[in-house]
Amino acid sequence: MNLIEEIENITDKCISCGFCESVCPTLGASQYNSVFGARGRVILADFALKNPDNDLELGDSFYSCLDCYACVNVCPAGVNAGVVSELMREFIVTGERGKKNPVAALIRESIMEYESPLGLKREAAEWADGISFQKSDTVIITGHMYQMMPYTRAINRIRKHIDESVVKNVASAMKNHISLIKLSRHFYDKKLKENMDADLRNIVAMLKKSGVEFGYLGENEPYPGMFLYDLGYREDFREYAGRFYNFLKENGVRRVITVDPHTHDLLLNGYPEYVPGFDIDVVYYTDLLDLKYRKFNDGITIQEPCHIVLHNNQFRALDILNSITDVSMPERNGKLNMCCGGPDELLFPDTAKNVSMQRYSELKEKSENVVTICPLCYNNLAYDSKVKDFSQFVKEMVID
Ligand code: SF4
Ligand code: SF4
């Protein structure tokens, strides 16, 4: 089946009932512009493919989809508008139609050249300065996610004052002088960097205390390629994932410990599809924790990560939190979970902000204390100090 057939195979099932719009976070965040909602994306894709001579605007509708997969869980026909968006991005980047996103193209270039979306491979290892790791065939893979957030936050602060067309022109120009991306190392949110570095150190400390033996590849650890996968550069991803896998094999790695849901989902489900013979075990760090905890009496609510609960993955994080305190689930949870907006942070910061504000209010209705289990969620929802990453909250509860 070619790409167009693959997309039509999904869109043809749509009965246009609109149920998916009730859960799609980007629809409300875009003032109900229908092409920024789940049904609109499916209709737009279907129309564009069946009418190849049209000059419809293709691009932002699909790039702005969060890939959260909330839509498929309410669709009576089993249509996943998130997958339609992913495939349409591939259609745009590999074909002549549709507007390619210059920021996405810049990120692609940086990953292929520097193995880091912002050219920050060396900086991504700073959190581990002074920590000693064992030599082991199990390694922690950070996926650079905790480390990237302070930079994206600072860059977005600057972007707020610049017209989007200028941002796109600058991104296009930088793509041809890719070393300039390394200038991003000068722009980061200091407080957030301290928090994110501390979170990674907390994870390492808890794993060690649980008796887990593992190494870390430091500044040699490449970014695993999630943006290539998500932004439609699937052929580049195939090549890049092969490189990443070979790198792990050359270093004798047999098992990886992931610390964020996006990297976990990618290595667990994306890599086996794109890398023939992928034979590395993937385990989420929360599932290796074997610790004793104090009780937290005030209760919490949690932001579940879409890439776990909506992408059909599992982890033990919720069991751990339930053993520590009363967890009040937000109105939208489990298969109806609402995304934090994080995946739009780099390409559509305004949409990301609108989604996160709505989700923050919903969470706060349940409890003052919010625990996130993903660095993107933390970055997007930490509007006050009572929002904590799982690694921070749980580490504070560990009995020494
Ligand atoms: S819920 Fe499913 S069938 Fe209904 S409009 Fe959305 S994608 Fe189409
Ligand atoms: S994956 Fe999420 S953001 Fe994308 S269309 Fe579905 S509900 Fe909307």
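Visitor: How many aromatic pairs are there by the ring-centre rule?
Guide: The count comes to 18 aromatic pairs; please note that this is a predicted model.

Visitor: Take tyrosine 229 and tyrosine 274: why is the pair classed as it is?
Guide: The planes of the two rings stand at 80°, and planes over 60 degrees apart count as edge-to-face, so tyrosine 229 and tyrosine 274 form an edge-to-face pair. Their ring centres are 5.8 Å apart.

Visitor: And where in the chain do these two tyrosines lie?
Guide: Tyrosine 229 is in helix H10 (residues 226–230) and tyrosine 274 in helix H12 (residues 261–274). The pair thus links distant parts of the chain, 45 residues apart.

Visitor: Buried or exposed, tyrosine 229 and tyrosine 274?
Guide: Both tyrosine 229 and tyrosine 274 are buried.

Visitor: What about tyrosine 285 and phenylalanine 390?
Guide: Those two also form an edge-to-face aromatic pair, with 6.2 Å centre to centre and 75° between the planes. Tyrosine 285 lies in the loop between strand S4 (281–284) and strand S5 (301–303), while phenylalanine 390 belongs to helix H17 (residues 390–397). They are 105 residues apart.

Visitor: Why are tyrosine 285 and phenylalanine 390 called buried?
Guide: The cut-off is under 20% relative accessible area. Tyrosine 285 is buried because its value is 1%, and phenylalanine 390 because its value is 0%.

Visitor: Which residues do ring pairs link into a cluster?
Guide: The cluster consists of Tyr229, Phe237, Phe244, Tyr245, Tyr271, Tyr274 and Phe278.

Visitor: Changing topic: which way do the side chains of strand S1 point?
Guide: In S1 (residues 138–141), Thr138 and Ile140 point one way, Val139 and Ile141 the other, and all are buried. In a regular strand the side chains alternate between the two faces of the sheet.

Visitor: Which strands does S1 pair with?
Guide: S1 pairs in the parallel sense with strand S3 (residues 255–258) over four bridges. Two bridges also join S1 to strand S2 (residues 215–216), again running parallel.

Visitor: What stands opposite isoleucine 140 in S2 and in S3?
Guide: In S3 the bridge partner of isoleucine 140 is isoleucine 257, and in S2 isoleucine 140 stands opposite tyrosine 216.

Visitor: Finally, ligand 1: which residues are around it?
Guide: Around ligand 1 are Cys14, Ile15, Ser16, Cys17, Gly18, Phe19, Cys20, Arg39, Cys75, Pro76 and Val79. This shell divides into eight nonpolar residues, two polar and one charged.

Visitor: What kind of space does ligand 1 take?
Guide: The space taken by ligand 1 is the second largest cavity.

Definitions and conventions. Residues numbered from 1 in each chain as written. Chains lettered and ligands numbered in written order. Predicted model: local features only at pLDDT ≥ 70, side-chain atom pairs only at ≥ 80, totals over all residues. Heavy atoms only, no water. Near = heavy atom within 4 Å. 1 Å grid on protein atoms, 1.4 Å probe; cavity = no way out; pocket = protein on both sides within 12 Å on 5 of 7 lines; lining within 4 Å. Sits in = over half its atoms within 2 Å of the grid points. Nonpolar A, V, L, I, M, F, W, Y, C, P; charged D, E, K, R; others polar. Buried < 20%, exposed > 50% of the residue type's maximum accessible area, 1.4 Å probe, protein only. Pairing = 2+ DSSP bridges. Phe/Tyr/Trp six-rings, centres within 6.5 Å; stacked < 30°, edge-to-face > 60°.
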